Structures are given as structure tokens and as C-alpha cells.
Amino acid sequence: MPSDSPRAVVALTPTGQPAPTQSFYEAVGGEATFERLTAAFYAQVADDPIMRPMYPEEDLAPAARRLKMFLEQYWGGPHTYSEERGHPRLRMRHAPYTIGERERDAWLRCMRHAMDEVALAPEYDKVMWEYMERAADFMRNA
């Protein structure tokens, strides 16, 4: 999957000098933001007739935790995902599921709702949403 999304944010101090580099993860609120995002996403998945069958677990909490860890790591946070699960290998992990336009669109619909609920600043929302769209397209296998 392309990894050209910026993960560091350059901020300026009140005097206009570059501030210490801050990761995207930190800039959007860190763990609390990603916790809210994944909770809102899986609240949508739980009731979605297209998405819910793709999650064989009765309890969506383990899937929510995996997504949270992945997104945190991708956006410059802790590397817990790789420490616990190894390389993401997203396409391989999703290969058992048929993911066509319908499934991609359902995933994006759930994620857009979650992102709207979290309400990142527009500049961060834009960057994250562009990544989500690329990721959803990348996962298509049908």
C-alpha cells in the first residue's frame, strides 16, 4: 500500500520558527483520538449489512483493537501492532474476504461516519481521509 501520507507535522512557534517535529498521531490527539475513531467505526460496522458479515467474531472489540493499533502505528504512534502481530500484510490478512466496490464503499461509509464523529481539524481530516480512500482501494480483490 502506498505510504506517502505525511506522518509528521511541522508547526511554527509564535515567533514563526519551526517547532519540534510532531507526529500526525500527536497532532490529532494521540491514543484518545484513535480510540474514539475505531469505536465510532465499529459502532457503524455492527449494524451494517455489508460489513458485519466480514467480521466472523461475535465480539468486535478485538477487531477494533487491531485497527486502532494499526492506525496508531501508521500515523506515527506506538509500534504495538508490529510488536504483537508482525508486518501488517493487509492484503494477505484480508484475502479470505471478497472485497469489491460494494464492500469498499461500505467500509468508506462507516469510516466517513466515524471520522465525522471524531471531527478532526479540516487539514488533518483531509490527509487522513485521502489515506482511507487509498487504503480502501488497495484492499479490493474482486
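**View 1. F34, a buried ring, and its stacked partner.** F34 sits at a relative accessible area of 0%, so this residue counts as buried. The model shown here is predicted. The ring of F34 pairs with that of Y25 in a stacked arrangement, with 5.5 Å from centre to centre and 20° between the planes. Y25 is buried too, at 12% relative accessibility.

View 2. By the ring-centre criterion, the model holds 11 aromatic pairs. What is the relative accessible area of F24? For F24 the value is 2%, and the residue is buried. Y124 is buried as well, with a relative accessible area of 17%.

**View 3. A cluster of linked rings.** Which residues do they link into a cluster? The members are F24, F70, Y74, W75, Y81, Y124 and Y131.

**View 4. R112 over the face of W129.** Here a charged side chain meets an aromatic ring. R112 lies over the face of W129, at 4.7 Å from the ring centre.

**View 5. A119, a loop residue with positive phi.** Most residues other than glycine have a negative phi. A119 is not a glycine, yet its phi is positive, near 55°. Where does A119 lie? You will find A119 in the loop between α6 (101-118) and α7. Is this residue buried or exposed? A119 counts as exposed, with a relative accessibility of 56%.

**View 6. Confidence along the chain.** Before you take coordinates from this predicted model, have a look at the pLDDT. The protein chain averages 88, and 86% of the residues score at least 70. Among the elements of the chain, α6 has the highest mean pLDDT, at 98, while strand β1 (residues 8-9) has the lowest, at 54. Over residues 1-5 the pLDDT stays under 50, and the model has 15 contacts beyond four places in sequence for that stretch. Where pLDDT is low, the predicted coordinates should not be read in detail.

Notes. Residues are numbered from 1 along each chain as its sequence is written. This is a predicted model: local features need pLDDT of at least 70, side-chain atom pairs count only at pLDDT 80 or more; totals for chains, interfaces and linings use all residues. Side-chain values use heavy atoms; hydrogens and water are left out. Rings of Phe, Tyr and Trp (its six-membered ring) pair if their centres lie within 6.5 Å; planes under 30 degrees apart count as stacked, over 60 as edge-to-face and the rest as tilted. Buried means under 20% relative accessible area, exposed over 50%, partly exposed in between (1.4 Å probe, protein chains only). A charge sits over a ring if NZ of Lys or CZ of Arg is within 6 Å of the ring centre and within 35 degrees of the ring normal. Helices (H or I, at least four residues) and strands (E, at least two) are DSSP runs, numbered from the N terminus. pLDDT is the predictor's confidence in each residue, from 0 to 100. Contact means heavy atoms within 4.5 Å.
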